[in-house]
Amino acid sequence: MFEFGRDLRKLFAQARESDDLAWLELIGVDLLETEARQQSIDAGRVSCPHPVEAGLRASRMWREHARRSGKSDSLDRAARAAGFASRGAQSPDDMAKAAIETARIALLKFDLCGGLEPLALAIGGLSQIDTPRKKETAQGLAATRAAATARQARLENTPALRRAALSALDAAVKALGGARGLDEDALRLDRAALALESGIEDHDPSLLDLAGRELRELIEAASPDYRPLTRARALALCAAGMTALGSMANDATAADQAQALYETATNLFTPDHSPLDWAAVQVVKAEAGTAALMDLAKAEALTAGSGLVVGALAALARRREETRLAEAGGDLAGLADVEASLLIRLAGKPAALDWAGSQIALAEVALARRRLTGVEPRALGLILTEAAACAREEAAPLLAWRAERLMAEPAPV
């Protein structure tokens, strides 16, 4: 037992020194914060032999912590660590690495909080970087530019831009070869997600096949024992795609298979291991109609008050489920309770994303009441139009899509 424990600690110490940070997936979000804090301290020591590399490593750790926790101060710490590396850079390659890391932080802020400014900052910063001489740095630059283009394509949602983004992602993934790591697999997930969305939007079987192959390879390469979060993210994306395709084809079998994939994904980690990953799975399960109200309430609690896109989606998903249950029971008083809680939320002058989500949830309540009573809601179109516009301005297309979908709901005959 003693020998086993000593060997295990030795292996973990070796992992801490390696360039591959995939081992971070094995530790909970609290321990990850401790590791990132220690790495920042080590990078700032006078005795640190490679301060630039140490600073970039600290930035990557804080960035992963922000991705899993949603904490804005972790994004700030990542930015400070990247700035430390940039100030200490002695070569063009080191300067490029620091600039690439800064752009990745901006892209993550965009993913977490929406808003057009972080994406613009990332794209602008990347455009100023000359192609590095070192192959690995050049690959990182191409990958980050492709990731930025993919996000821009999702916002503008035009076939031409989606194709251009997919082409850039294809080239970047091909250049990576067999390289695996947090950033490399995140890029592969980006490509799979965009291929899946484009395949569904354009009814293109070749893109759906591409998404399926990419996700299968990710799942096969990500062991549940060593890469649980990457595996869970790929499984959840598979399930979301299967849900969408099953809904289009009215295929109940696909819905059952998607539910099994969701359960497999959530069984790979706990909410305290990666709160945002867990909450995100609950949100996509809610879209499929398979999330429990208790889990949605927990997802909302885990993401509340941080101005997160997933937080707004979780809050909306919870109110939608409460509304659905009240309508199913013919409970007009229950609908009134949901409406009252939303009005209190709005009276607190929430952030823009939460405001849009609450307005959409109010529309859901109004439509449920209309279906039960036949009473036509007032100014529903205006409410949803403003909510959709706000969501678009905040770069939250899923919220906007929800509002636009409700606007298209026909009135009862």
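Tutor: Here is a walk through the salt bridges, pair by pair. Keep in mind that this is a predicted model. Side chains of opposite charge can pair when their charged atoms come close. Searching the whole structure turns up 36 salt bridges, so let's pick out a few, going by the definition of a nitrogen of Lys or Arg within 4 Å of a carboxyl oxygen of Asp or Glu.

Start with Glu33 and Arg37, whose side chains meet at 2.9 Å, N to O. Both residues belong to helix α2 (residues 29-44), and they sit 4 residues apart, about one turn of the helix. Glu33 has a relative accessible area of 17%, so it counts as buried, because the cut-off for that is under 20%. Arg37, at 35%, is partly exposed.

Now for a pair that reaches across the chain. Arg154 bridges to Glu197, with 3.1 Å between the closest N and O atoms. Arg154 is in helix α7 (residues 135-156) and Glu197 is in helix α9 (residues 182-202), so this pair links distant parts of the chain, 43 residues apart. Glu197 is partly exposed, at 37% relative accessibility.

Glu327 and Arg371 make another salt bridge, at 2.7 Å from N to O. Glu327 lies in helix α15 (residues 309-328) and Arg371 in helix α17 (residues 352-373), so the bridge ties together parts that are 44 residues apart in sequence. Arg371 has a relative accessible area of 41%, which makes it partly exposed.

Finally, look for a network: salt bridges link Glu300, Arg318, Arg319, Glu322, Arg345 and Asp354.

Terms used: Residues are numbered from 1 along each chain as its sequence is written. This is a predicted model: local features need pLDDT of at least 70, side-chain atom pairs count only at pLDDT 80 or more; totals for chains, interfaces and linings use all residues. Side-chain values use heavy atoms; hydrogens and water are left out. Helices (H or I, at least four residues) and strands (E, at least two) are DSSP runs, numbered from the N terminus. Buried means under 20% relative accessible area, exposed over 50%, partly exposed in between (1.4 Å probe, protein chains only).
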